[in-house]
Amino acid sequence: MQKVYLDYSATTPVKKEVLDEMIPYFTEKFGNPSSLYEIGADSKEAITKARGQVAGLIGAGEKEIIFTSCGSESDNWALIGTAEAKKDKGNHIITTAIEHHAVLHTCKYLEKHGFEVTYLGVDEDGRINLSELEAAITDKTILISIMFINNEMGAIQPIKEAAAIAKKHGIWFHTDAVQALGNVEIDVKELGVDMMSMSAHKIYGPKGIGAMYLRKGVVLPGFIHGGAQEFKKRAGTESVPNIVGFGKAAELAKENLSEHIARLSELRDYFIKEVTTKIPDVDVNGGMKYRHPGNVNLTFNFIEGESLLILLDMKGICISTGSACSSASLVPSHVLSALGVPVEKIHGSLRFSIGDFTTKEDLDYTVENLIEIVAKLRTISSVSSEKGW
Amino acid sequence: MAMYNDKVMDLFMNPQNVGEIENADGVGTYGSPVCGDMMKMSLKIENNVIVDAKFKTFGCGSAIASSSMATEMIIGKTIDEALNITNKDVLKELGGLPGPKIHCSVLSEQAIKAAIYDYAQKHGLEFEGLKDYDPNASEDDHLHEHDEEDGE
Ligand SMILES: Cc1ncc(COP(=O)(O)O)c(C=O)c1O
């Protein structure tokens, strides 16, 4: 059966060039980077090289990159570390209603420990309002954390402008750039951010390795305590093969960035056009102007997303839902809710995310099957365009 | 999809009795698109026996499979027999559903009751099995487990 993977925002396959670089660090080059003999030093050198590659992708200094175990760890560290570092100054954090759970649930945790959190709403394009952000600042605000690109509907936030507001008020600024890395130009100096979370598995690197950009001068208390690894900022014997893989993936992402963005955007726009012209009653969720180049989020009105997902899976097409009955959950997506999408339409929403191995043929095959499956489910459905919801 | 057993998958892929009966003797709906599932059931009833049943369902795979199973289970049954069918019976016939999907079987039980209630109302009839039936009860009154969402 044909296999079409359209869930690159969930994770990506490791590119062959990346895997090739990683392999030796599992076997012959297995040394602990903290050891003084040669294979230890080799590992250490490999980490330094990878750090340079990740720094290079975002315009950071090498010492400003700290490897972590994943994007979620970076998010947890940024929030909890700042809360701890700045608790004498205040207890107020500003974030958005559409953050990834790695941020949202950490905020909930901090709320239980005496912190107050403002969750900014978004407009129908999925973007925050900068004057609302500024108005939310109090003399107790210690952190502003705003995701760079949303994982469900792809909205790109005005990070540079938001960071400038934070700076004006002397507040640290963090951004979760897990979906943004390798999908938009990022220059941390130009953006003016203090902390930025990243993850390798969204950019064709391995799972279980992330990084934090920590601007020089931002002194964040450690999160994982122990050895002196990562400039004494993050303990634990380094996951050398994963770090090497992250480095290579970052190097490739940098080399291919403009081509990657152009290619994905074209495929994305083609797919949206095909689906919306060939299938009636389809809504595009989120705006098109500031959008992840590979993100498509659609509501197929009058049917439920999971049934669509399963029938697509039977045809070898992998996508994800933001809907109620999705995977393990019955709660409608908090992101689409924040966009103002009515609940019944959230139930019929699907995310297609396009990546480097997606072809036009993959998309045509998907559209063909969508036409058939959507029609089938609509004949079964108890709601329809004639009768309404 | 590994989440459903073969029986459920088969009914979801090839649901039986999809549609609406013209001039049905009883029609009932249960659930709502906001809850994520809504089933509409229509019945043809002759001499107290359900001679035909059709459904239309907005919902996930297990809601569609449960609906299909429910129609199969009630065709040929007397009204009293049909009213005795519970969501557990539907579940059993389906060979089980994953935990968060159990409410889909409740959907079909309640849709059967709603359609028979409509029939009873139209004909001024009373049935033992509808004694405690509340046509205005919402899905949340019956069973709805809300789990936390997780993901990438
Ligand atoms: C926006 C965003 N933040 C954080 C994460 C978590 O990253 P990780 O899976 O590396 O923990 C993800 C995806 O997983 C994400 O999409």
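The model is predicted.

The largest nonpolar core holds 72 residues. Those that touch the most other members are Phe300(A), Leu308(A), Phe352(A), Leu370(A), Met41(B) and Ile116(B). Helix α5 of chain B, residues 103–123, gives the largest share of this core, with nine residues. A second core is separate and has 64 residues. Among them are Met22(A), Ile144(A), Ile165(A) and Ala250(A).

Now take one residue, Phe352(A). Which residues is Phe352(A) in contact with, leaving aside its neighbours within four places in sequence? They are Leu6(A), Phe271(A), Gly294(A), Asn295(A), Val296(A), Leu298(A), Phe300(A), Ile319(A), Thr366(A) and Leu370(A). Two of these, Phe300(A) and Leu370(A), are also named with Phe352(A) as residues that touch the most other members of the largest core.

Next come the rings. The whole structure has nine aromatic pairs over all chains. One of them joins Phe302(A) and Trp389(A). Their ring centres are 4.9 Å apart and their planes meet at 40°, so this pair is tilted. The cut-offs explain the label: planes under 30 degrees apart count as stacked, and those over 60 as edge-to-face. The pair links distant parts of chain A, 87 residues apart. Phe302(A) sits in the loop between β10 (295–300) and α10 (305–314). Trp389(A) sits in the segment after α13 (360–380). Phe302(A) is buried, at 8% relative accessibility. Trp389(A) is partly exposed, at 34%.

Tyr117(B) belongs to helix α5 of chain B, while Tyr133(B) lies in the loop between α5 and α6 (139–142), so the pair ties together parts 16 residues apart in sequence. How exposed are the two rings' residues? Tyr117(B) is partly exposed, with 24% relative accessibility. Tyr133(B) is buried, with 14%. The limit that separates them is 20% relative accessible area, because buried means under that value.

Rings can also gather in groups. Tyr5(A), Tyr8(A), Tyr204(A) and Phe357(A) are linked by ring pairs into a cluster.

Last, look at charges over rings. Lys86(A) lies over the face of Trp172(A), 4.3 Å from the ring centre. Arg127(A) lies over the face of Tyr290(A), at 3.5 Å from the ring centre.

Terms used
Residues are numbered from 1 along each chain as its sequence is written. Chains are lettered from A and ligands numbered from 1 in the order in which they are written. This is a predicted model: local features need pLDDT of at least 70, side-chain atom pairs count only at pLDDT 80 or more; totals for chains, interfaces and linings use all residues. Side-chain values use heavy atoms; hydrogens and water are left out. A nonpolar core is a set of buried Ala, Val, Leu, Ile, Met, Phe, Trp, Tyr and Cys residues joined through side-chain atoms within 4.5 Å. Buried means under 20% relative accessible area, exposed over 50%, partly exposed in between (1.4 Å probe, protein chains only). Helices (H or I, at least four residues) and strands (E, at least two) are DSSP runs, numbered from the N terminus. Contact means heavy atoms within 4.5 Å. Rings of Phe, Tyr and Trp (its six-membered ring) pair if their centres lie within 6.5 Å; planes under 30 degrees apart count as stacked, over 60 as edge-to-face and the rest as tilted. A charge sits over a ring if NZ of Lys or CZ of Arg is within 6 Å of the ring centre and within 35 degrees of the ring normal.
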